[in-house]
Structure formats: structure tokens, C-alpha cells
Amino acid sequence: MRLDRFLSNNTEFSRKQIRLMLAQGMAKVAGQTVTEGRLDINEFTEVTFDNKTLQSKTAHYLMINKPCGCLSATSDPKHPTIMERVNEPFRRQLHIGGRLDFNTSGLLLITNDGKWSRRLTQPEEKIAKVYRVETEDVIHPEYIEAFRQGMYFQYEGITTQPAELKILDDRLARLTLFEGRYHQVKRMFGRFNNRVTALHRESMGSIILDPSLAAGEYRALTPEEISFTAVPATIIPSTINSSATIPLFC
Ligand code: URA
């Protein structure tokens with residue numbers, strides 16, 4: 001939003017008064033005097049005007065290593081939730097960017113920046129999400145083409161984006177998706193009547209789960225991670241230790 005519009009929405013002054021007050025140097029953005037009303041600001045830009053702070057909100061970005069047996073939710077009457085693991089005063093402001101199922105483990109991103117988390121999760125953004133998948137039965141090479149071609153999901157009326165499947169062992173694969181449909185991994189393997197017995201998310205875009213985080217631990221993202229890129233799936237797997245074992249269901 002433009003600064004002048006923000007000031008008009010958040011003060012009792014008219015647009016003409018705001019123009020004059022801006023010219024007189026009465027607005028500060030991130031501590032700097034600003035006279036240009038056309039300046040773009042967002043919900044995390046600190047704004048003071050006429051010596052009053054109108055907006056001062058910090059953006060928070062965390063990665064957590066989600067354990068299995070834990071809901072991707074803020075609260076639940078029956079089950080432990082991932083948000084209960086986050087011991088921060090700003091916890092109530094946070095939401096999850098791309099949920100994982102109860103028994104899925106791995107990278108979960110938590111933030112109070114809605115624009116940022118939408119970019120992570122909207123299918124049009126084509127952010128690569130990499131999973132290690134363990135299955136009940138053998139994963140056959142014919143799966144690769146079926147995953148690449150996409151599968152029609154009748155419930156949503158969509159065909160899944162081409163996905164990259166790399167078979168690592170008889171019952172172990174790495175799957176890269178470019179969207180996050182409901183139970184997508186399990187449903188895709190379900191087409192072959194092959195049940196997923198363990199699922200672990202390794203990365204989202206260029207953000208890779210920090211191997212030093214034990215299950216349930218979290219840390220703040222670095223500035224590079226915050227400005228993540230979609231990263232082609234072909235680049236991600238080589239950066240991840242493929243011999244790492246995935247946790248089994250709890
Ligand atoms: N696909 C699934 O089936 N489950 C998850 O938790 C994530 C992707």
C-alpha cells in the first residue's frame with residue numbers, strides 16, 4: 001500500500017493535510033524521514049507520523065522439524081500441536097505455511113507474514129516441495145512416468161503438476177511436488193495401491209530442513225532463507241544427504 005493512503009486510513013487528517021505534513025517531514029518510515037507519499041509500505045514497515053507510532057510489527061519466520069504424532073495446527077483439544085512447541089512471546093500471531101499430516105515429519109515453516117506463506121503454498125508459484133517416502137510395497141520404475149504425467153484428482157477436478165520421482169531403494173523414494181494438494185503424496189502412491197508408511201519433508205523451495213534440528217526443535221530463518229527461490233527440483237536432491245534415514249511413524 002502507498003504511504004499516503006495508509007496515513008489517510010489510519011489518521012484523522014485529510015489527504016491535503018497529509019500531503020502538507022509529509023512535505024514538512026512529519027513522517028518516518030523505518031526510522032528515516034520520508035516526504036514521498038507514493039512510497040510503498042507493507043504491514044511490517046514501521047511508520048511514525050506526527051510523533052505517533054502508527055505501525056510497528058515485526059515479521060517472524062521459523063523452521064521447525066515436525067515430529068510425527070503431532071498436528072499441524074495452533075490448538076487442538078485432543079492431540080499435541082506443533083504450535084505448542086514454539087516457545088515465543090509472539091506465538092499467537094503465527095500460522096503455518098503448508099501443513100503436514102499428523103504422521104508426517106520434517107520441514108514446517110511458521111510465520112506471521114501472510115503474503116510470504118501464500119507464495120510458499122499457492123500452486124501457481126510452483127515451489128518445489130521435496131519428500132522422502134517409504135512405502136509398504138515395492139516402488140516400480142513405471143511409477144516415474146505416471147508421476148511425471150500427473151494424476152487426475154476427481155475430488156478437486158484437477159490434474160497434478162508433473163512431479164519428479166527418484167527411486168532410492170525398493171520401498172524408498174524421493175518425490176518432488178510443485179503444489180500441495182490434500183494428502184497428495186499418499187493419494188499418488190495410492191493409485192498403485194501402495195500405502196505410504198513414512199513421509200518426511202526435506203525442503204520447500206530453496207529452504208532445506210536444518211539437519212541440526214532434532215524432531216520438535218526450531219530456529220529462525222536466515223535472511224537468505226526468507227527470500228527463498230522456487231529452486232528446480234533437479235538441484236535440490238544433490239544438496240541433501242541421500243543416505244539420511246527418515247523417522248518411522250510413531
Ligand atoms: N502429502 C501427504 O500425503 N501428506 C503430507 O503430510 C504431505 C504431503
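1. Start at the hairpin of β13 and β14. Two residues lie between the strands, and G205 there takes a positive phi near 55°. The two strands pair in the antiparallel sense over two bridges, with β14 covering residues 207-208. M204 has I207 in β14 as its bridge partner. Bear in mind that this is a predicted model.

2. β13 deserves a careful look. Nine of its nine residues are buried, leaving the strand mostly covered. Seven bridges join β13 to β8, and these strands run antiparallel. Three bridges join β13 to β7, and here the strands run parallel.

3. Which residues of the largest nonpolar core touch the most other members? They are I110, V133, F147, L165, L175, V185 and F189, out of 29 residues in that core. Several elements each supply at least two core residues. The strands among them are β5 (61-66), β7 (104-111), β8 (129-135), β12 (172-177) and β13 (196-204). The helices α4 (142-149) and α5 (184-190) contribute on the same terms.

4. Leaving aside residues up to four places away in sequence, F147 touches Q161, P162, A163, L165, L175, M188, F189 and F192. Ring pairs also link F147 into a cluster with Y143, F189 and F192.

5. On aromatic pairs in general, a search of the whole structure finds eight. In one of them, the ring centres of F13 and F49 are 6.0 Å apart and the planes stand at 75°, so the pair is edge-to-face. F13 sits in the loop between α1 (3-10) and α2 (15-23), and F49 in strand β3 (residues 47-49), so the pair ties together parts 36 residues apart in sequence. Both partners are covered. F13 counts as buried at 19% relative accessibility, and F49 counts as buried at 1%.

6. A further pair is W116 with F228. Its ring centres are 5.5 Å apart and its planes are at 90°, so this pair is edge-to-face. W116 belongs to helix α3 (residues 114-121), and F228 to the loop between α6 (223-226) and α7 (236-239), so the contact ties together parts 112 residues apart in sequence. W116 and F228 are both buried.

7. How many disulfides does the model hold? The count comes to zero. Two cysteines can be described by burial. C68 is buried, with a relative accessible area of 11%. C70 is buried too, with a relative accessible area of 1%.

8. Last, the domain layout. The chain is divided into domain 1 (3-55) and domain 2 (61-226). The C-alpha centres of the two domains lie 40 Å apart.

Methods
Residues are numbered from 1 along each chain as its sequence is written. This is a predicted model: local features need pLDDT of at least 70, side-chain atom pairs count only at pLDDT 80 or more; totals for chains, interfaces and linings use all residues. Side-chain values use heavy atoms; hydrogens and water are left out. Domain bounds come from an automatic or database domain assignment. A nonpolar core is a set of buried Ala, Val, Leu, Ile, Met, Phe, Trp, Tyr and Cys residues joined through side-chain atoms within 4.5 Å. Buried means under 20% relative accessible area, exposed over 50%, partly exposed in between (1.4 Å probe, protein chains only). Helices (H or I, at least four residues) and strands (E, at least two) are DSSP runs, numbered from the N terminus. Contact means heavy atoms within 4.5 Å. Two strands pair if DSSP finds at least two bridges between them. A disulfide is a pair of cysteine sulfur atoms within 2.5 Å. Rings of Phe, Tyr and Trp (its six-membered ring) pair if their centres lie within 6.5 Å; planes under 30 degrees apart count as stacked, over 60 as edge-to-face and the rest as tilted.
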